[in-house]
Amino acid sequence: MQKINLSIVSEFVFVGLSDAPEIRLLLFALFLLIYLASMAGNITLLVAISTDSHLHSPMYFFLSNLALLDLLCPTITVPKMLGALLLENRAISFTGCLFQHFSFIVVVGTEIFLLAVMAYDRYVAVCHPLRYLSIVSTKLCAQLAAGTWAAGLLNALLHTSLVFTLSFCGPNKIQQYYCDIPPVLALSCSPTRSRELVILAVAGVLGSSACVATLVSYIYILLEILSRNSPGIWQKAFSTCGSHLTVVCLFYGTTICTYVRPSSTYSPRLDRVVSMLYGMLTPLLNPIIYSLRNKEVKCALKRVIMRVRNAL
């Protein structure tokens, strides 16, 4: 039998967003601005929640976890993309790609579960307002937060082990600006059909479970609103749940479009755009959505700004 020499891939190369120097510089400036604004917004939100006693409640505890995830999400992927745009250094080692992939899936998975937990928190706040603090106790908050991080970690371990135990011996150009599941699977020289089905099944079960939990919470909220039929109830409910519902629609919609579908429908250009929505714009918009829709957060932010101004 004729021997076949298979070279083992030691590094991957990201496909650039653009090869035109003037476009690369424009994209670098745009994405750097988005990244810095996202960092500033989420750090400010974290500082406001941690330093203002008015925001020491279960809702803002979960919101601080969301802000932390929104800090980590772009930090995992954007600096490498900015380096590729400015320095044309598009290569990443196999180990670096594995770590980036694992970290990103941890953050995305944790945020999916966290949004479902936040929906339950809003359900208790609307349907059981008098028993809210006794139901959503400090102990339960810690358990729910720890559970979301643990679920995100286990989910990432499963996905990373399924993807990076494959053989990579041919093309090494990733059709994405970070090490995402579909473009990395496309480079494997091993049969990937069975693993794709497992990944799709796990993502479908976990994602649909979080979506169902969120949907059920909001169905109960809607039924509670209809049963009360008191003046101003719709406005009060929207002020309580509007920010979370907006974030849920934005995040769930983009992540489901990316991961819960077969690889045969993968479109590199379209998926780069969609991944930028939840990887860059969502972390930027979340603190804006919560600060604009929430009077308590706006007041806390004003107090933080005043303290910083007085210190300077």
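This is a predicted model: local features need pLDDT of at least 70, side-chain atom pairs count only at pLDDT 80 or more; totals for chains, interfaces and linings use all residues.
1. Overall make-up. The protein chain contains ten helices and three strands, and from the N terminus on its elements follow the order β-α-α-β-α-α-α-β-α-α-α-α-α. Of the 312 residues of the chain, 47% count as buried.

2. Annotated spans. According to the UniProt record, an unreviewed entry, the annotation "transmembrane region" covers residues 25–48, 60–78, 98–120, 140–158, 197–223, 244–261 and 273–292. In the model, residues 25–48 are 100% helix and 0% strand, with their end C-alpha atoms 34 Å apart. Residues 140–158 are likewise 100% helix and 0% strand, and there the end C-alpha atoms lie 27 Å apart.

3. Helix H3. This helix, residues 94–127, has 34 residues and reaches 50 Å from its first C-alpha to its last, which is close to the 50 Å expected at 1.5 Å a residue. Because 27 of its 34 residues are buried, H3 is largely enclosed by the rest of the structure.

4. The pairing of H2 with H3. The axis of helix H2 (residues 58–87) comes within 10 Å of the axis of H3, and the two cross at roughly 160°. Since angles over 145 degrees count as roughly antiparallel, H2 and H3 are therefore roughly antiparallel to each other. Their crossing is left-handed, and the residues of the contact divide into 15 nonpolar, five polar and five charged.

Notes:
Residues are numbered from 1 along each chain as its sequence is written. Side-chain values use heavy atoms; hydrogens and water are left out. Axes are lines fitted to C-alpha atoms, for helices over the stretch in contact, and angles run from 0 to 180 degrees between N-to-C directions. Helices (H or I, at least four residues) and strands (E, at least two) are DSSP runs, numbered from the N terminus. Angles under 35 degrees count as roughly parallel, over 145 as roughly antiparallel, 65 to 115 as roughly perpendicular and the rest as oblique. A crossing is left-handed if the near helix is turned anticlockwise from the far one by less than a right angle, and right-handed if clockwise. Ala, Val, Leu, Ile, Met, Phe, Trp, Tyr, Cys and Pro count as nonpolar, Asp, Glu, Lys and Arg as charged, and the others, Gly among them, as polar. UniProt positions are given in the numbering used here, feature names are shortened, and annotations may be inferred rather than shown by experiment. The expected span of a helix is 1.5 Å times one less than its number of residues. Buried means under 20% relative accessible area, exposed over 50%, partly exposed in between (1.4 Å probe, protein chains only).
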